Amino acid sequence: MTHEVVVDAERAIGRIHPEVYGHFVEHLGHCIYDGIWVGEDSPIANERGIRRDVVGALRGVRPPVIRWPGGCFADDYHWRDGVGPRAERPRRVNAHWGGVVETNRFGTQEFMDLCRQVGARPYVCGNVGSGSPAEMRDWLEYMNFAGDSTLAALRARNGHAGPFGVTMFGVGNENWGCGGNMTPEQYAGEVRRFATYLHDFGAGGLRRIACGPSGDDPSWTRGFFEALAGLPDGPSKLGLIQGFGLHYYCGTAGTATEYTDDQWYELLERALRVEGVVARHRAMMDEFDPDRRIGLVVDEWGAWHPVTPGTHPRFLRQQNTVRDGLVAALTLDAFNRQADKVVMANIAQTVNVLQALVLTEAERMLTTPTYHVYAMYAPHQGAESLATEVATDRIGFGLPGGGRGSVPRLAGSCSRTAGGLTLSLVNTHAGEPAEVAVRLGRGGAPRPASWRVLTAEDIHAHNTFDEPARVVPVDAEPTAPTLRLPPASINVLTYV
Ligand code: AHR
């Protein structure tokens, strides 16, 4: 069977916000400490304490934005702990993530330095759960005010005369859980109070991003928006926020590195569900906010496997196989197809935690299949998403409870820049290639200008410190009128 992909250049969906290819780093396990921050005196090569190898790798995926400091850590974090001379910073207990001592060596100025070194914009998440509006407001003044205030002078004394220009700010994290265990109505009340004091302090427009649901939870979204909109008879305060951040973890099936063919498909199917989650929550938001002044953000997403055996259970370290590469590709394609609905997305997390792009161990570093997908998909950033019809069949698989599920054999997305088209296509079949004809509009099936493929002979393949290049993208020879996509593969084609 030949599968058909038809790109409709007449039907533009919208611009793919570069921030959809965003990142997330939390004070969790070895994400920040060892993964990013090693300190200026470390034998590991660093620039002002930040690992050079990790910065070099991240620059390769053109990170548009990084979210920090959490996650659950954010609502237990007090920003003043992380500014000023490092030797004088307090030591606190990281209660969420293993009860380890947080030295606060990495704080606001170090995070801003990381952003500068990799070329990303900062997205800072504030503390609603255990913090106060005054503390949150002061953090923004500290980061953004250019004039002669005490907090701006403090920033200058800490080495930064100029403001950091933070324009993306989270009003808490998972406030239905670790961020205060609130009801949506309670949280909407907190947002009304906190957001009142969240000024941009001259940064030029602050996007206050409220906490959205855990996955597909309509009661949180509806309850929050009804309360913020003042229904049934109060004043609407929708204008206080500019973003709403849902979290979608597709979970696991098997373990990070051990799974059957059925579990391979099970995880891919759950990854694909993100598209419905986005569409449903945006539709609900549209009832309150039809002009889409409040952007839908997916500020945590990814696969969540059991931790690597022998590692700390609260450090959430996991390997990353070609299956995770497909999870990333299918998710990013879904976001591209929903370019009119998603304004930012942040994979969880960038280094050493959950679906990481980079793993480190002492002085060694490797890039994962997920990393390679971000590198391959980078041309989609900021491009115009085009409607792309994929005519394919579905692959059936067995579910743990005895039922059956299915996934499309082929999925993808296409975007356009002045330089031409970028088409990404995933063959989800664990063992069979897919013969595909790609048509651009009603025309024929031209030969692509380039074709880059990420795959592996074994669906469990992953990169290790001893074999860091087992799963890496390679160039394939473009063919026409059909392309034979290898089994379990991610393909990026360009047309000029
Ligand atoms: O990414 C790990 C954790 O997952 C985050 O801290 C939290 O927001 C989510 O539950």
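Predicted model: local features only at pLDDT ≥ 70, side-chain atom pairs only at ≥ 80, totals over all residues.
Residues are numbered from 1 along each chain as its sequence is written, and side-chain values use heavy atoms, with hydrogens and water left out.

Where the two touch, domain 1 puts in 43 residues and domain 2 puts in 39 residues; contact here means heavy atoms within 4.5 Å.

## The mixed sheet

Helices and strands in this report are DSSP runs numbered from the N terminus (helices are H or I with at least four residues, strands are E with at least two). Two strands pair if DSSP finds at least two bridges between them. On that basis, nine strands make an open sheet with mixed pairing, in the order 23-22-25-20-19-16-1-21-24. Strand 23 (474-475) and strand 24 (482-485) sit at the edges with a single partner strand each, so one side of each has no neighbour in the sheet.

Strand 1 (residues 2-15) pairs with strand 21 (residues 434-440) in the parallel sense, over six bridges, and T2 stands opposite E435 of strand 21. Helix 9 (residues 322-337) packs on this sheet, touching strand 1, strand 16, strand 19, strand 20 (420-427) and strand 25 (489-495), and its direction makes about 55° with that of strand 19. For such angles, axes are lines fitted to C-alpha atoms, for helices over the stretch in contact, and the angles run from 0 to 180 degrees between N-to-C directions. Helix 10 (residues 369-377) lies across strand 20, strand 22 (450-454) and strand 25, at about 165° to strand 22.

Inside the order, strand 5 (residues 65-68) and strand 8 (residues 121-125) run parallel over four bridges, with I66 opposite P122 of strand 8.

## A hairpin

Strand 17 (residues 394-398) and strand 18 pair in the antiparallel sense over five bridges, and G398 stands opposite R404 of strand 18. Together strand 17 and strand 18 form a hairpin with five residues between them, and G402 in the turn has a positive phi of about 105°.

## The largest pocket

On a 1 Å grid over the protein atoms alone, a pocket is an open set of points with protein on both sides within 12 Å along at least five of seven lines, whereas a cavity is a set where a 1.4 Å probe fits but cannot get out; lining residues have an atom within 4 Å of a point. Grid points are joined across faces, edges and corners, and a volume is the space filled by probe spheres set on the points.

The largest pocket holds about 240 Å³ of space. It is lined by 14 residues, and L272, R394, P408, L410 and A411 are the closest to its centre. Helix 7 (261-272), strand 16 (384-391), strand 18 (404-408) and strand 19 (410-417) each give two or more residues to this lining. Both domains take part, as domain 1 and domain 2 each supply at least three lining residues. By class, the lining has six nonpolar, four polar and four charged residues (Ala, Val, Leu, Ile, Met, Phe, Trp, Tyr, Cys and Pro count as nonpolar, Asp, Glu, Lys and Arg as charged, and the others, Gly among them, as polar).

## Two cavities

The structure has two cavities of 30 Å³ or more. The largest has a volume of about 40 Å³, and its lining includes R67, Y123, E174, H247 and D299. Strand 10 (207-214) and strand 11 (243-251) each give two or more residues to that lining, with strand 10 giving the most, at four residues.

The second largest cavity also holds about 40 Å³. Y77, W79, N127, E135, M136 and W139 line this one, and they divide into four nonpolar, one polar and one charged.

How values were computed:
Domains from an automatic or database assignment.
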